[in-house]
Amino acid sequence: MKIVKNTVVSVHYKLSDAQDNLIEDGLEPMVYLHGGYENTLPKIEEALEGKEAGYKVTIQVEPEDAFGEYDAELVKVEPRNRLPTPLEVGMQFEGMPDGGDSEDDDEGILFTVTDIADDKVVLDGNHPLAGISLRFTLDVFDVRAATEEELAHGHVHGAHGHAHDEDEDEDDAGSEYRSHPLH
């Protein structure tokens with residue numbers, strides 16, 4: 001089956017920067033609903049469009065087509081006493097960018113604590129991969145038609161996907177494979 005709109009694509013992948021420094025070795029496959037559902041980067045969908053299981057490719061995705069350019073204005077230094085305790089580097093908080101108006105913006109930005117020094121904390125609202133050219137090595141191993149439920153919800157369900165059953169145990173086999181919209 002060819003990869004076209006409304007197919008579920010299963011891909012083994014490796015993610016590196018443009019210098020081939022490994023960022024993520026996709027130990028679990030990426031399984032996504034193909035066709036503009038924002039379950040993966042558009043450049044990945046473009047590279048896989050019309051291909052079949054067994055197709056392998058390495059593509060480079062520039063920052064503007066991935067997680068954007070690094071924006072120094074999204075880095076804030078805040079007083080330590082404005083944040084909860086305990087506080088550690090790597091913790092994340094939702095907030096508004098400087099000059100942002102919560103009435104005008106649909107949602108806040110996720111800020112990551114990148115440094116803590118005495119009474120100051122550095123918060124970075126950039127995506128961790130912002131400003132980086134990314135190299136994806138992709139190996140398509142399965143393509144199938146999406147179910148009506150998957151199409152209605154805009155993401156993969158079942159094995160290697162997302163389930164909506166509230167009684168489902170999060171440790172069930174396959175629950176670790178999920179596609180999520182990228183923003």
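Ser10 lies in strand E1 (residues 7-17) of a predicted model; helices (H or I, at least four residues) and strands (E, at least two) are DSSP runs numbered from the N terminus. Ser10 has a relative accessible area of 5% and is therefore buried (under 20% relative accessible area, with exposed meaning over 50% and partly exposed in between; 1.4 Å probe, protein chains only). Apart from neighbours within four places in sequence, Ser10 is in contact with Met30, Val31, Asp139, Val140, Phe141 and Asp142, where contact means heavy atoms within 4.5 Å.

Residues are numbered from 1 along each chain as its sequence is written. Because the model is predicted, local features need pLDDT of at least 70 and side-chain atom pairs count only at pLDDT 80 or more, while totals for chains, interfaces and linings use all residues; side-chain values use heavy atoms, without hydrogens and water.

E1 runs antiparallel to strand E2 (residues 22-25), joined by three bridges; two strands pair if DSSP finds at least two bridges between them. Lys14 stands opposite Asp25 in E2. The hairpin of E1 and E2 has four residues between the strands, and Asp20 takes a positive phi near 70°.

Strand E8 (residues 120-124) pairs with strand E5 (residues 75-79) in the antiparallel sense over five bridges. Strand E7 (residues 109-117) and E8 also pair in the antiparallel sense, over five bridges. Val121 in E8 is the bridge partner of Glu78 and also of Ile116. Two residues separate E7 and E8 in their hairpin, where Asp118 in the turn has a positive phi of about 50°.

The largest nonpolar core has 22 residues; such a core is a set of buried Ala, Val, Leu, Ile, Met, Phe, Trp, Tyr and Cys residues joined through side-chain atoms within 4.5 Å. Val11, Ile44, Leu48, Ile59, Phe136 and Leu138 touch the most other members. At least two residues of this core come from each of E1, strand E3 (30-33), helix H1 (42-48), E4 and strand E9 (134-145), and E9 supplies the largest share, five residues. A second, separate core of seven residues includes Leu83, Leu87, Phe111 and Val121.

The protein chain has a mean pLDDT of 85, with 81% of its residues at 70 or more; pLDDT is the predictor's confidence in each residue, from 0 to 100. Over residues 165-183 the pLDDT is below 50, and this stretch has 30 contacts in the model beyond near neighbours in sequence. Where pLDDT is low, the predicted coordinates should not be read in detail.
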